[in-house]
Amino acid sequence: MKLSQFKFQLPDKLIAQYPEEQRDMCRLMVVHRKTGEIEHKIFKDVLEYFDDGDVMVYNDTRVFPARLYGNKEKTGARIEVFLLRELNADNKLWDVLVEPARKIRIGNKLYFGEDESMVAEVIDNTTSRGRTLRFLYDAPHDEFKEALYKLGMTPLPEYINRESEPEDAERYQTIYATKEGAVVAPAAGLHFSRELLKRLEIKGVKQAFITVHSGLGNFRDIDVEDLTKHRMDSEQMDADETLVDTVNAAKDAGHRVCAVGTSVLRGIASAVSMGGHMKVYKGWTNKFIFPPYEFTVTDALITNFHLPYSTMFMMVCAFGGYDLMMRAYQDAVRDGYRFGAYGDAMLVID
């Protein structure tokens, strides 16, 4: 398929700038793959579509405060630094993006905080925007990390046209987030409240967790028309034995496996084995999924409404069927559904 096939008209007013006050009270569009039927519900109604023995797979990654603002030595120019991942804990080395990139060179020092107590030195250029920073902070690693994160802000997506607020530290995080490492929240999981998780548990729906540390590659523009030529950024993931055993037992018993979010869908697809089962996998994935694609493990998908041309939208089209998903998205725009990480949700099910 071609990039141009994933275009649709999305008014700016439909891109959510804030989440619903109650996590499980956003709108839910339910799309039935076999019949093409589309229903309009509230998110907590998702309970109606799952039974005893079914499995919900959640991404338990935790978003860290990755966006910092500092000043360049001598000139005092304001520089945005986006922390991508820690490269070396002992030497306090981080892989980062900087803006404006043209103002930063190897050897430059950056100062952070009102008292400028956090200092970093640029030691490498990895891409046109990417840099490696060494933080010059004489303290144990835990103390350094705490001080660094106090300076950071919640890394809201660029399509949210506002500065992050203190409340976003909790809002842009699932309630089951435990494994730190993401700079992009697994947005479908943001709709689950503690009450809804409990009600699913009482109904007999099993919980399973995969870790996929979602990165900025999810939002990187695709600059090729031929999708086979696009390369996804690699992301760390961990599908452990507990997850694999739970999913495989459900498949063998004829129960449904639901991926909560496209990051989970991609993680499961990266750890498939023979016969519609999963295998233990810990490492990196750069799997790029677009139509046509055959999913052998996942039977249902909970996801948000994604932006045109995005890799997440392509993945949803691969799972739900291109024609049906394009129709569902046209309905969503017409009916005023909210798009993006803080927007409404969709359940794709047979």
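**Figure 1. Helix α6 passes helix α7 in a right-handed crossing.** In this predicted model, α6 spans residues 311-320 and α7 spans residues 322-334. The axes of the two helices come within 7 Å and cross at roughly 120 degrees, which makes α6 oblique to α7. On the α6 side, the contact is made by Phe-313, Val-316, Cys-317 and Gly-320. On the α7 side, Tyr-322, Leu-324, Met-325, Met-326 and Tyr-329 take part. By class, the contact of α6 with α7 comprises eight nonpolar residues, one polar residue and no charged residues.

**Figure 2. Ser-214 lies in the loop between β12 and β13.** Strand β12 covers residues 206-212, and strand β13 covers residues 235-239. Ser-214 has a relative accessibility of 5% and therefore counts as buried. When neighbours within four places in sequence are left aside, Ser-214 is in contact with Asn-59, Ala-182, Val-183, Val-184, Glu-235 and Ser-263.

**Figure 3. A salt bridge joins the side chains of Asp-60 and Lys-179.** The N to O distance of this pair is 3.4 Å. Asp-60 is located in the loop between β3 (55-59) and β4 (61-63), whereas Lys-179 belongs to strand β11 (residues 179-182), so the pair ties together parts that are 119 residues apart in sequence. Asp-60 counts as buried, at 6% relative accessibility, while Lys-179 counts as partly exposed, at 37%. The count for the model comes to 19 salt bridges.

**Figure 4. The side chains of Glu-80 and Arg-67 meet in a salt bridge.** Here the N to O distance is 3.2 Å. Glu-80 lies in strand β6 (residues 78-88) and Arg-67 in strand β5 (residues 67-72); the pair therefore ties together parts that are 13 residues apart in sequence. Glu-80 is partly exposed, with a relative accessibility of 22%, and Arg-67 is buried, with a relative accessible area of 12%.

**Figure 5. Glu-121 and Arg-134 form a salt bridge through their side chains.** The distance from N to O is 3.6 Å. Glu-121 is part of strand β9 (residues 118-125) and Arg-134 is part of strand β10 (residues 130-135), so this pair ties together parts that are 13 residues apart in sequence. Arg-134 counts as partly exposed, at 32% relative accessibility. Elsewhere, salt bridges that share partners join Arg-162, Glu-165, Asp-168 and Arg-171 into one network.

Conventions:
Residues numbered from 1 in each chain as written. Predicted model: local features only at pLDDT ≥ 70, side-chain atom pairs only at ≥ 80, totals over all residues. Heavy atoms only, no water. Axes fitted to C-alpha atoms, helices over the stretch in contact; angles between N-to-C directions. Helix = DSSP H or I, 4+ residues; strand = E, 2+ residues; numbered from the N terminus. Parallel < 35°, antiparallel > 145°, perpendicular 65-115°, else oblique. Left-handed = near helix turned anticlockwise from the far one by under 90°. Contact = heavy atoms within 4.5 Å. Nonpolar A, V, L, I, M, F, W, Y, C, P; charged D, E, K, R; others polar. Buried < 20%, exposed > 50% of the residue type's maximum accessible area, 1.4 Å probe, protein only. Salt bridge = Lys/Arg side-chain N within 4 Å of Asp/Glu carboxyl O.
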